[in-house]
Amino acid sequence: MADASSARNTQAPIRPDWWSKGVAGVVLGFSLAIAMAGLFAWIGPGGPAAVNKLQFIMWLVVPIWLGVASVCFLFRSGRQAWMWLGCANILAHTALLAARSPLLH
């Protein structure tokens, strides 16, 4: 009986890839949130010069960042989290540069 209760009280160690997933979510998630908010600023209604839009864009970064940081733990490995979030960042920042391009305006 003592063996069963001690087995229940022992906690599994934190998996090593959780650290890399967490860092990927925080670092790349912030970069992705900035790019997504910038895309909304440039492509959204009224463009970047819309009245009171800057305040909304500022507050939009936090929920996107927290969402990405939360979802990053669903990846199978830390390497996969870095790869997918890195690719998402490249796409988002490329789209942001394209949206800001003078050729489109």
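Mentor: We shall go from the overall fold to the cores and then to a few residues. Please keep in mind that this is a predicted model.

Trainee: How many helices and strands does the protein have?

Mentor: The protein has 4 helices and 0 strands. Along the sequence the pattern reads α-α-α-α.

Trainee: And what is the mean pLDDT?

Mentor: The mean pLDDT of the protein is 87, and 87% of the residues reach 70 or more. Confidence is lowest in helix α1 (residues 2-9), with a mean of 58, and highest in α4, with 95. Where pLDDT is low, the predicted coordinates should not be read in detail.

Trainee: What share of the residues counts as buried?

Mentor: Of the 105 residues, 30% count as buried. The protein exposes about 7600 Å², and carbon and sulfur atoms supply 73% of that area.

Trainee: What share of the contacts joins residues at least 24 apart?

Mentor: The figure is 72%, taken among contacts between residues at least 6 apart in sequence.

Trainee: Let us turn to α4. What length does it reach, and what would be expected?

Mentor: Helix α4 covers residues 78-100, which is 23 residues. From first to last C-alpha it reaches 32 Å, close to the 33 Å expected at 1.5 Å a residue.

Trainee: Which residues of α4 are buried, and which helices do they pack against?

Mentor: The buried residues of α4 are G78, A81, L85, G86, N89, A92, L96 and A99. They pack against α2 (17-43) and α3 (53-71). As background, an α-helix has 3.6 residues a turn, so residues three or four places apart point the same way.

Trainee: Which residues does UniProt list as "transmembrane region"?

Mentor: An unreviewed UniProt entry lists residues 23-44, 56-75 and 82-99 under that name. In the model, residues 56-75 are 80% helix and 0% strand, with the end C-alpha atoms 30 Å apart. Residues 82-99 are 100% helix and 0% strand, and there the end C-alpha atoms lie 25 Å apart.

Trainee: Which residues make up the largest nonpolar core?

Mentor: That core has 10 residues: A24, L28, L32, A35, V68, C72, F75, A81, L85 and A92. Helices α2 and α4 each supply at least two residues of this core, and α2 gives the most, with 4 residues. Apart from it lies another core of 5 residues, among them A37, A41, I57 and V61.

Trainee: What is A24 in contact with, leaving aside neighbours within four places in sequence?

Mentor: A24 is in contact with G29, A81, W82 and L85.

Trainee: How far apart are W82 and K21?

Mentor: They are 61 residues apart in sequence and 7.3 Å apart in space, C-alpha to C-alpha.

Trainee: Is K21 buried or exposed?

Mentor: K21 has a relative accessible area of 3%, so it is buried, the cut-off for that being under 20%. K21 is found in helix α2. Not counting residues up to four places away in sequence, K21 touches C72, F73, F75, R76, S77, G78 and A81.

Trainee: Is N52 buried or exposed?

Mentor: N52 counts as exposed, because its relative accessibility is 66%.

Note on methods: Residues numbered from 1 in each chain as written. Predicted model: local features only at pLDDT ≥ 70, side-chain atom pairs only at ≥ 80, totals over all residues. Heavy atoms only, no water. Buried < 20%, exposed > 50% of the residue type's maximum accessible area, 1.4 Å probe, protein only. Contact = heavy atoms within 4.5 Å. Areas by Shrake-Rupley, 256 points an atom, 1.4 Å probe, with all protein chains shown as cover. Expected span 1.5 Å × (residues − 1). UniProt positions renumbered as here; feature names shortened; annotations may be inferred. Core = buried A, V, L, I, M, F, W, Y, C linked by side-chain atoms within 4.5 Å. pLDDT = per-residue confidence, 0-100.
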